[in-house]
Amino acid sequence: MAERLTLDDIGCWVIKSQTPVVELSAGWDLGATRELTRCLRRSYRVHLMHPGQPCLLWVSGLQQPGVQALGELTSVARPVDDPEATRPQISVDVALRRLRRPIPRSALLADHVLAAAEVLRMPAGSNPSFLSPSLWAALQDFLDAEEAG
């Protein structure tokens, strides 16, 4: 069994979505920031989430999987009051800037450092997922290189 994460293990939270980014928020333009509420899986990880921590939006599926937006948590994770829900749900608020050039899953897999990310190794894993501080730094370097290129 894997060891439990601590705050020191978290460089950036990875918030997953199966919904394409254009359907998450109507009119969300490239480069624009939106505040969204995202649902998470109930786990001990949600108790490590705090406002101001960096996060990214990972869209999975067949249409443009990869990193679509970057931002930060703007709330703690909290229970969703939904009497229709079949199981307890958790949500968190985020402020996300949609990337002008999303980072495809294939580009991350091709990077010898970033390919170690949990979201790539275990795509059906936890939501939230995370990047370690070193992987978060590598992703930021990757983004800087993409912007320069």
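Me: Where is Ser91 placed?
Reply: Ser91 sits in strand β6. One thing to keep in mind as we go: this is a predicted model.

Me: Is Ser91 buried or exposed?
Reply: Buried. Its relative accessible area is 4%, and the cut-off for buried is under 20%.

Me: And what does Ser91 touch?
Reply: Leaving out residues up to four places away in sequence, Ser91 touches Thr37, Arg38 and Cys39, and also Val76, Ala77, Arg78 and Val80.

Me: Let's zoom out. How many helices and strands are there in the protein chain?
Reply: The protein chain has four helices and seven strands. Along the sequence they follow the pattern β-α-β-β-β-β-β-α-α-β-α.

Me: How compact is the protein chain, next to a globular protein of that length?
Reply: It is as compact as a globular protein of that length, because its radius of gyration is 15 Å, close to the 15 Å that the globule rule gives for 149 residues. If you like a box picture, the C-alpha atoms fill one of roughly 50 × 40 × 30 Å along the principal axes.

Me: What share of the residues is buried?
Reply: Buried residues make up 42% of the 149 in the protein chain. The accessible surface comes to about 8500 Å², and 52% of that belongs to carbon and sulfur atoms.

Me: What about contacts between residues that are apart in sequence?
Reply: Take the contacts between residues at least 6 apart in sequence: 70% of them join residues at least 24 apart.

Me: Now the inside. Which residues touch the most other members in the largest nonpolar core?
Reply: That core has 23 residues, and Trp13, Leu40, Met49, Leu57 and Leu96 touch the most other members. At least two residues each come from β1, α1 (21–24), β2 (33–40), β3 (54–59), β4 (66–73) and β6 (90–104). The element that gives the most is β6, with four residues.

Me: Which residues does Trp13 touch?
Reply: Not counting residues up to four places away in sequence, quite a list: Arg45, Leu48, Met49, Gln53, Pro54, Cys55, Leu56, Leu73, Pro128, Ser129 and Phe130.

Me: What does the second core include?
Reply: The second core is separate and has 20 residues, including Val67, Trp136, Leu139 and Leu143.

Me: Tell me about Leu139, then. Where does it lie?
Reply: Leu139 lies in helix α4, residues 133–148. It counts as buried because its relative accessible area is 2%. Setting aside residues up to four places away in sequence, Leu139 touches Leu56, Ile103, Leu108, Leu114 and Leu131.

Me: Back to the start of the chain. Where is Val14, and is it buried or exposed?
Reply: Val14 is in strand β1, residues 12–17. It is buried, with a relative accessible area of 1%.

Me: What is Val14 in contact with?
Reply: Aside from neighbours within four places in sequence, Val14 contacts Leu56, Trp58, Val119, Asn127, Pro128, Ser129, Phe130 and Leu131. As for Phe130, it is 116 residues from Val14 in sequence, yet the two C-alpha atoms are 4.9 Å apart in space.

Me: Pro128 keeps coming up. Where does it lie?
Reply: Pro128 lies in the loop between α3 (118–121) and β7 (129–131).

Me: Is the peptide bond from Asn127 to Pro128 cis or trans?
Reply: That bond is cis, with omega near 25°.

Me: Last one: how far apart are the mean positions of the positive and negative charges?
Reply: They are 5 Å apart, taking the 15 positive and 17 negative charges of the protein chain.

How values were computed
Residues numbered from 1 in each chain as written. Predicted model: local features only at pLDDT ≥ 70, side-chain atom pairs only at ≥ 80, totals over all residues. Heavy atoms only, no water. Buried < 20%, exposed > 50% of the residue type's maximum accessible area, 1.4 Å probe, protein only. Contact = heavy atoms within 4.5 Å. Core = buried A, V, L, I, M, F, W, Y, C linked by side-chain atoms within 4.5 Å. Rg over C-alpha atoms; globule rule 2.2 N^0.38 Å. Areas by Shrake-Rupley, 256 points an atom, 1.4 Å probe, with all protein chains shown as cover. Lys, Arg positive; Asp, Glu negative; His and termini not counted. Charge placed at Lys NZ, Arg CZ, Asp CG, Glu CD.
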